[in-house]
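Please have the sequence and the three-dimensional view at hand while reading.

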Amino acid sequence: MKKSDRISAYVETLGPMSDRALDPHYTGFFTCFNRGEYYEAHDVLEQLWLRTEGPDHAFYKGLIQIAGAFVHLRKQHLRPNHPKDGQRLRPAARLFALGVKNLTPFAPEHHRLDVHALIGLCAAHVTALAAGDFARNPWSPGHLPHLALSA
């Protein structure tokens, strides 16, 4: 089974979509993200990004990069003393910056996402990382960030 087939099958398990106007890979991204499943969120949205041309290509890429930043934060939190995972805070900040760069042209809102609020969330994490000299992780499983689409 190809990766795209596995991801599509996984998307179907994420539950019914409340809005048929949005691609299930897009809404699935938010379901995974809000569960703290950032790697899965990345994979789900990647399927849509790969088949998208035009301006939305950068939009989806930015969301994928932000999910990737949270992958780094989560892995570092789980294994802070691991030789590789313990060094993920600076790469997380770089991915936040790349994601913000790709999302900024879509502010304040795009595809029912408050892009401005997401940029603020990323900025707060980068600020916290820098304030801790990239030695303190601002992410914790008890306080997962939540992304919501407007009605």
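## Basis of the model

The model is predicted; local features need pLDDT of at least 70, side-chain atom pairs count only at pLDDT 80 or more, and totals for chains, interfaces and linings use all residues. Residues are numbered from 1 along each chain as its sequence is written, and side-chain values use heavy atoms, with hydrogens and water left out.

## The nonpolar core

The largest nonpolar core contains 39 residues, and Tyr 26, Phe 29, Phe 59 and Leu 63 have the most contacts inside it. Such a core is a set of buried Ala, Val, Leu, Ile, Met, Phe, Trp, Tyr and Cys residues joined through side-chain atoms within 4.5 Å. Two or more residues each come from helices H1 (3-12), H2 (24-34), H3 (38-50), H4, H5 and H6, and H4 gives the largest share, 10 residues. Helices here are DSSP runs of H or I with at least four residues, numbered from the N terminus.

Beyond residues up to four places away in sequence, Phe 29 touches Ala 41, His 42, Val 44, Leu 45, Leu 63, Ala 67 and Leu 147; contact means heavy atoms within 4.5 Å.

## Helix H5

Helix H5 (residues 89-103) has 15 residues and reaches 21 Å from first to last C-alpha, close to the expected 21 Å. The expected span is 1.5 Å times one less than the number of residues.

The buried residues of H5 are Leu 89, Ala 92, Ala 93, Phe 96, Gly 99, Asn 102 and Leu 103, and their cover includes helix H4 (55-78) and helix H6 (115-131). Buried means under 20% relative accessible area, exposed over 50%, and partly exposed in between (1.4 Å probe, protein chains only).

## Asn 137

Asn 137 is found in the segment after H6. A polar atom of its side chain lies 2.7 Å from the backbone oxygen of Leu 73, and the backbone nitrogen of Trp 139 lies 2.9 Å from a polar atom of the Asn 137 side chain.

## Salt bridges

There are 4 salt bridges, each a side-chain nitrogen of Lys or Arg within 4 Å of a carboxyl oxygen of Asp or Glu. Asp 23 pairs with Arg 51, with the closest N and O atoms 2.6 Å apart. Asp 23 lies in the loop between H1 and H2 and Arg 51 in the loop between H3 and H4, so the pair ties together parts 28 residues apart in sequence.

Asp 85 forms a salt bridge with Arg 88 at 2.7 Å between the closest N and O atoms. Asp 85 is buried at 5% relative accessible area, and Arg 88 is buried at 10%. Salt bridges with shared partners join Arg 79, Asp 85 and Arg 88 into one network.

How values were computed. A polar contact is a pair of N or O atoms within 3.5 Å; within protein, one must be able to donate a hydrogen and the other to accept it, and residues adjacent in sequence count only if both atoms are side-chain atoms.
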